[in-house]
Amino acid sequence: MIYLLIEFLDELVFGVGEVAWPLLRDDLKLTYTQIGLLLSVPGIIAAFIEPFIGVLGDVWRRRVLILAGGILFTISLFITSASYSFIFLLASFMIFNPSSGAFVNLSQANLMDSDTNRHEQNMARWTFAGSLGVLTGPLLLGLFVYLGLGWRGTYALLASISTLCLLAAWRFLPADKDSSKAFPSLQIVFDGFRAAFSALKRKEVRRWLLLLEFADLMLDVLFSFLALYFVDVGLATQTQAGIAVTVWLAMGLVTDFLFIPIVDRQKDTIQFLRRTALVELFAFAGFLLIPGFLPKLIFVILVNLFNTGWYSILQGRLYSSLPGQSASIMAIGAVTTPIAKFFPLAIGFLADQFGLGTAMWILILGPLALLIGLPRNNPQTQSPVSNL
């Protein structure tokens, strides 16, 4: 399915980028603060652009927006491959983030709309496709570094793959239900914003938005700093750091695949989240406290194991709480995105001041937030009115 291919590509790019940080840092002479800015600023800026994309995705022609996002997504990868300074790289990331929102997030919305009764199950499939991509990324980067093509050559190849994926999307994306729609008036867009943000009055919508962002501390944010942490704090070699990252990704691929049938058999996914968050709390603390490459590797495997299903369940619950407004999730997500994007910047700043080992303790807020914020009863048994 074309939607899963787009997610695979997006996470392939993510997998390359997160493992390439030591190479980017050395080549472009980046500081921790600059890395934090690269991880934060593009996302914060995108948070002001993506609401318009999300609302248009609900009131206008979603297929056009996906394809336009794919074009800019591809262009940004070509620019990244040619980056020679922090500013140039920051500019390419600033193009990439909102274009990824249109290309990838609207594709996810289409997948969710294809079967409104299986949000969590389809999110499990989506997550597995992403895990496959993010695992392939470091392997691709390692091959290109071995061949002497480096991270620049890798990004050039990613841009070429993205071009092929864009052509496939052009061919296989379903047509919009009303392809004759003219560009909406300002009043229609305003009404779309009003409908999207009125959903924030509902407690369940706010809950899933916030928990998604905090859960990401144990997912993408931790992964963003993982290679640097093993090298700079764990005193591992570049090869050992690469092994740690590969193990993390391989574990994620296996557990995400196994979770697809498991989620169908889960009678209470909220209780599942609560139990795994409690174990994750201790696993992550152990990872930070225990010295030595091999012990840290064992604990990071446990961290990866116990965050399985977090994104699939939380994102699925968010979609279920917004029937008929799947694309507008991008709009209301802008409320929490700037807060979430503050964490990488804070980690980078604190790492420059006190060391990366100390700064990484911020991430423990992820499992703590789930333990505090998850409902005590299953919200699927409640009507939306009960949460107003």
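**Cavities and helix packing**

Me: How many cavities of 30 Å³ or more does the count come to?

Reply: The count comes to two cavities of 30 Å³ or more. Bear in mind that this is a predicted model.

Me: What makes the second largest cavity count under that cut-off of 30 Å³?

Reply: Its volume is about 30 Å³, and the cut-off reads 30 Å³ or more.

Me: On to the packing, then. Why are helix 11 and helix 13 called roughly parallel?

Reply: Look at the angle: the axes of helix 11 (residues 238–265) and helix 13 (residues 293–306) cross at roughly 25° and come within 9 Å. Angles under 35 degrees count as roughly parallel, so helix 11 and helix 13 get that label. Their crossing is right-handed.

Me: Which residues of helix 11 and helix 13 meet there?

Reply: From helix 11 you have Gln240, Ala244, Val247, Trp248, Met251, Gly252 and Thr255, and they meet Phe293, Leu297, Val300, Ile301, Val303, Asn304 and Leu305 of helix 13. Sorted by class, this contact has 10 nonpolar, four polar and no charged residues.

Me: How do you know that helix 12 and helix 13 are roughly antiparallel?

Reply: Helix 12 (residues 269–289) packs on helix 13 at an angle of about 160°, with the axes 8 Å apart. Anything over 145 degrees counts as roughly antiparallel, and therefore the pair of helix 12 and helix 13 does too. Helix 12 passes helix 13 in a left-handed crossing. On the helix 12 side the contact uses Thr276, Val279, Glu280, Ala283, Phe284, Gly286, Phe287 and Leu288, and on the helix 13 side Lys296, Phe299, Val300, Leu302, Val303 and Phe306.

Me: Why are helix 3 and helix 8 called roughly perpendicular?

Reply: The axes of helix 3 (residues 32–59) and helix 8 (residues 186–198) cross at roughly 105° and come within 9 Å. The range for roughly perpendicular is 65 to 115 degrees, so helix 3 and helix 8 qualify. Helix 3 brings Pro51, Phe52, Val55, Leu56 and Val59 to the contact, and helix 8 brings Ile188, Val189, Gly192 and Phe193.

Me: What makes one residue of the contact of helix 3 with helix 8 polar?

Reply: Gly counts as polar, and Gly192 sits in this contact. Eight residues are nonpolar and none is charged.

Key:
Residues are numbered from 1 along each chain as its sequence is written. This is a predicted model: local features need pLDDT of at least 70, side-chain atom pairs count only at pLDDT 80 or more; totals for chains, interfaces and linings use all residues. Side-chain values use heavy atoms; hydrogens and water are left out. Axes are lines fitted to C-alpha atoms, for helices over the stretch in contact, and angles run from 0 to 180 degrees between N-to-C directions. Helices (H or I, at least four residues) and strands (E, at least two) are DSSP runs, numbered from the N terminus. A crossing is left-handed if the near helix is turned anticlockwise from the far one by less than a right angle, and right-handed if clockwise. Contact means heavy atoms within 4.5 Å. On a 1 Å grid over the protein atoms alone, a cavity is a set of points where a 1.4 Å probe fits but cannot get out, and a pocket is an open set with protein on both sides within 12 Å along at least five of seven lines; lining residues have an atom within 4 Å of a point. Grid points are joined across faces, edges and corners, and a volume is the space filled by probe spheres set on the points.
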